[in-house]
Amino acid sequence: MTALAASYLRPVTLWGVAGAVTLTLAILGGVAIGETPLPFDTVLKVLANHLWGAGHDVDAIDAGILWSYRLPRTLVAAACGAGLALSGVVLQSLVRNALADPYLLGVSAGAGTGAVAVTVLGLGGGMIGMSAGAFAGASLSFAIVVLLARAAGGGSAQLVLAGIAGSQLFNALTSFLITKSANAEQARGIMYWLLGNLSGVRWPDVTLAIPVTLSGLVVCVWLARAMDAFAFGAASAASLGIAVRRVQIALIGATTVMTATMVSLVGSIGFVGLVIPHAMRFVVGARHGRLVPASALAGAVFLIVADVTSRILIPGQVVPIGVVTALVGAPGFAAILIRNRRRA
Amino acid sequence: MKLHAHNLGWTTRGKTIVDDVTLDILPGETFGLVGPNGSGKSTLLRLLTGLLPRPAGRVHLEGVPLESMSRRDIAQRIAFVEQMADTSEALRVRDAVELGRTPWLSALTPLGPEDRRIVTEALEATGLAHMAGHSWSTLSGGERQRVHIARALAQRPRLLVLDEPTNHLDIHHQLSLLRLVSMLSVTVVMALHDLNQAMGCDRVGVMENGRLIACGPPAEVLTPARIAAIFRVHVTPLRDPDDNATLFRFHCLEDHS
Ligand SMILES: Nc1ncnc2c1ncn2[C@@H]1O[C@H](COP(=O)(O)OP(=O)(O)O)[C@@H](O)[C@H]1O
Ligand SMILES: [Mg+2]
């Protein structure tokens with residue numbers, strides 16, 4: 001029995017360790033690389049000083065940049081990438097459409113509207129208030145898009161078109177809110193943030209992003225088998241013993257919370273939820289027991305790399321991270337479209 | 001496994017699709033459901049497996065009301081193969097059949113050796129063992145149908161509900177499927193298109209406009225007069241000298257009026 005358990009655990013443990021090492025390396029890279037590159041040993045010293053008070057002698061400015069700016073930023077990028085990739089996996093499974101992704105389905109746009117409404121109208125306020133607003137907006141837009149797609153006949157194309165309609169509607173609402181209520185400086189800040197921007201990230205953001213993503217990951221791992229059972233549709237899942245309504249609510253809830261949190265922290269970053277799960281299906285297959293952890297890891301690493309790229313692409317300028325992900329994601333989206341045509 | 005349906009009905013958007021069906025399925029029997037397109041066969045099968053919301057009437061599974069059982073409890077007893085369930089997931093044949101183990105596994109337990117054995121057996125029973133690694137998108141309609149049957153077998157149900165299982169199969173696979181089904185020790189309820197195939201069931205039920213209008217041994221139920229009235233075809237029963245089985249030959253009603 002123990003030998004049996006061990007034979008199961010061995011690959012799981014191996015992959016777990018490999019994943020943790022990859023993620024750690026990506027985080028260290030994300031912290032070291034930037035406009036002012038920091039030598040690796042400085043990075044390790046600063047981390048040691050903070051984590052267990054090692055008392056190494058390092059430059060105070062380097063230490064400040066690293067600990068107060070780059071590390072939280074990198075950690076939020078990781079959490080955000082994982083969260084968005086997981087949201088993509090969940091949506092693709094539930095709506096049974098390879099093109100489903102929080103950005104394309106208008107969930108991100110709705111979250112943006114909610115967050116902006118809270119900010120400029122002064123409802124609630126604060127980070128939690130903004131996240132709550134984003135959550136309300138995300139839920140509303142998702143409901144509208146799914147209902148519209150169903151009313152239009154429920155096909156794959158209908159869903160994507162409904163997503164476009166939803167995105168346009170909520171982006172227009174956001175613009176309206178900004179024009180009506182924000183002053184010029186606020187407006188510019190909001191617009192920049194909406195394109196996806198990690199430059200304002202500090203430690204309090206980390207304490208929101210990481211727990212949300214980890215909870216989302218736990219829900220997705222727990223329901224991985226249920227997501228597998230959705231392969232042939234909800235009725236088929238029900239006949240396989242899945243409590244369809246409950247699973248849908250849990251998964252949609254987790255997705256909406258993750259997307260809303262990420263949008264309220266860093267704006268709307270597109271294509272991660274689309275491209276990462278798709279790429280991972282090639283590597284680990286379509287079964288969610290593997291796809292979920294693999295996508296979370298790949299999403300985290302991808303967004304760290306995208307963030308580093310956004311910082312060093314144009315010297316002296318930070319390109320919004322949403323622009324970087326779109327530059328990679330849009331061709332990826334095209335590839336998925338073409339592949340789907342071949343399969344149909 | 002004994003199934004009892006009492007005054008079962010289903011209405012959607014003011015239209016009654018299944019109307020007041022009372023039916024007993026006996027343990028071990030093979031029950032065929034026939035009727036014209038749109039007569040409510042698929043809907044009745046979904047009602048019997050508890051898949052439709054807000055049904056009228058009740059279904060009891062071995063004396064236990066279906067609505068008091070969890071989906072998982074039901075899935076450990078009843079497997080259901082829908083008409084034409086498709087997926088865009090890049091699944092392999094074996095993955096799809098492994099889905100049948102879902103009701104027997106908890107969230108985090110991986111498939112055990114016993115589960116793998118059951119899956120392999122299901123693949124062999126449906127003649128798919130050599131295709132286990134093929135991907136779903138490369139399969140023909142008939143192969144897909146057999147994968148669904150294999151998945152249902154891997155579920156190890158005591159009641160197997162099949163909706164027009166022979167629909168996409170060539171004649172060889174139609175016959176081997178019906179033979180497989182008749183050899184299983186489980187109770188089978190299936191909707192069938194082919195009245196000659198229905199003749200091979202222990203009992204048949206005839207649906208018309210959502211009502212179960214006749215139910216009993218095939219020779220008693222599928223009379224030429226009834227077939228003419230329901231299916232609007234004229235039949236000539238023929239006898240196979242080999243085994244004295246009755247076969248139907250169909251003609252247009254117009255040619256015989
Ligand atoms: N979910 C539904 N909503 C509306 N009408 C339905 C629904 N399901 C079935 N119907 C209608 O009910 C009738 C019976 O359908 P069905 O049970 O599929 O018949 P059969 O399987 O005998 O061909 C058809 O007219 C069909 O259009
Ligand atoms: Mg039907």
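Tyr103(A) counts as partly exposed because its relative accessibility is 34%, where partly exposed lies between buried (under 20% relative accessible area) and exposed (over 50%), with a 1.4 Å probe and protein chains only. This is a predicted model, in which local features need pLDDT of at least 70 and side-chain atom pairs count only at pLDDT 80 or more, while totals for chains, interfaces and linings use all residues. Residues are numbered from 1 along each chain as its sequence is written, chains are lettered from A and ligands numbered from 1 in the order in which they are written, and side-chain values use heavy atoms, with hydrogens and water left out.

Over all chains, a search of the whole structure finds five aromatic pairs, a pair being two rings of Phe, Tyr or Trp (its six-membered ring) whose centres lie within 6.5 Å, with planes under 30 degrees apart counted as stacked, over 60 as edge-to-face and the rest as tilted. One of them is the tilted pair of Trp67(A) and Trp203(A), with 5.1 Å centre to centre and 35° between the planes. This pair links distant parts of the chain, 136 residues apart, since Trp67(A) is in helix α3 (residues 60-94) and Trp203(A) in helix α8 of chain A; helices here are DSSP runs of H or I with at least four residues, strands are runs of E with at least two, and both are numbered from the N terminus. Trp67(A) is buried at 17% relative accessible area, whereas Trp203(A), at 27%, is partly exposed.

Tyr103(A) also forms a tilted pair, with Phe271(A), at 5.7 Å centre to centre and 50° between the planes. Phe271(A) is buried, at 13% relative accessible area, and together with Tyr103(A) and Phe333(A) this residue forms one aromatic cluster.

## Helix α8 of chain A

In α8(A), the buried residues are Asp205(A), Val206(A), Leu208(A), Ala209(A), Val212(A), Thr213(A), Gly216(A) and Cys220(A). Seen down the axis of α8(A), these buried residues fall within an arc of 165°, so they line one face of the helix, the arc being that of the directions from the helix axis to the C-beta atoms. Thr207(A), Val218(A) and Trp222(A), on the other side of α8(A), are exposed.

## Surroundings of ligand 1

The residues around ligand 1 include Trp10(B), Thr12(B), Lys15(B) and Ile17(B), each with a heavy atom within 4 Å of the ligand. A backbone N or O atom of Gly38(B) lies 2.7 Å from an oxygen atom of ligand 1. With three residues, α1(B) gives the most to the shell around ligand 1.

Definitions and conventions
A polar contact is a pair of N or O atoms within 3.5 Å; within protein, one must be able to donate a hydrogen and the other to accept it, and residues adjacent in sequence count only if both atoms are side-chain atoms.
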